[in-house]
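Look at the structure first, then read the points below.

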Amino acid sequence: MNTNIVVIGAGTMGNGIAHTFAQKGFNVGLVDVSQEALDKGLATITKNLDRIISKGNLTEEEKSNTLNQISTFTKLEDCASNADLIVEAATENLDLKLKIFKQMDELAPKDCILATNTSSISITKIASVTNRPEKVIGMHFMNPVPIMKLVEIIKGYSTSKETFDEIYEMSKTLGKVPTEVNDYPGFVANRILMPMINEAIETLYNGVAGVEEIDTVMKLGMAHPMGPLQLADFIGLDVCLAILNVMYDGFKNPKYAPNPLLVNMVMAGKLGVKSGEGFYDYAESQKAEKVSKMFLK
């Protein structure tokens, strides 16, 4: 069983992945380009652990043990040499991921598995820039990572059975439910989810119904825990756009083309919760209680 884990990226997904491994007793090196990003990531992990304690599912000692399992680094070379598994959780940008994977391949021991948390980019493409494509795999965690049970385990064209089996079993050790997926744009989760979100935006764009009305229909009519427009805000409209573009480029099918309203909102910096406004206004609350003034009747 791998024990030394390196996580690249201390943002929403990265700090959640680091938290999850550390809570299960793995040694975790958390890497980001700035100490400020690392401090913010650790603050989020601490807050999330406190939330678990408040629900009676964790002790103060377990929280302390979890935090003690995490070390932070601003340079990958300072922690990669003894890694058994490196998980890349950087921004959903192909060029950036390829650059990081080249560096991971150069710095990591030859038997280290290289994983990516990409939500849509080809594992085969990412693996192609390394000298160990058989040891490259997708581990697509869901947000929020400490709570959501699913991990999509994506095999690239050259991913070995040994690599797949090891990551599959490790995911179960984390308390997750691993699901085997093949390497096609969007995998399963986003291939189904993103067209739904895009169609909800299309419905708003065409004036069929308002923001709250669309979300209410999907919550009360389809038993979704949150409506698609609120979910898009939660994911980040820039992330939604990036994933749709990957699928559109990959399949050349117009059904994956992002709606112009989504494109314009991202260009205007209205990215959802992270920017304070998307389909909803989050200036006073992050619970999507107030529709953005852009969409008020």
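A polar contact is a pair of N or O atoms within 3.5 Å; within protein, one must be able to donate a hydrogen and the other to accept it, and residues adjacent in sequence count only if both atoms are side-chain atoms. By that rule, the side chain of K176 has a polar atom 2.5 Å from the backbone oxygen of V145. The model is predicted: local features need pLDDT of at least 70, side-chain atom pairs count only at pLDDT 80 or more, and totals for chains, interfaces and linings use all residues. Residues are numbered from 1 along each chain as its sequence is written, and side-chain values use heavy atoms, without hydrogens and water.

- K176 sits in the loop between α6 (161-173) and β8 (177-182); helices (H or I, at least four residues) and strands (E, at least two) are DSSP runs, numbered from the N terminus.
- The K176 side chain also reaches the backbone oxygen of M148, at 2.8 Å.
- Residues in contact with K176 (heavy atoms within 4.5 Å) include T20, I147 and S171, leaving out those up to four places away in sequence.

**Cysteines**
- The whole structure holds zero disulfides, a disulfide being a pair of cysteine sulfur atoms within 2.5 Å.
- C79 is buried, at 7% relative accessible area; buried means under 20%, exposed over 50%, partly exposed in between (1.4 Å probe, protein chains only).
- C112 is buried too, at 0%.
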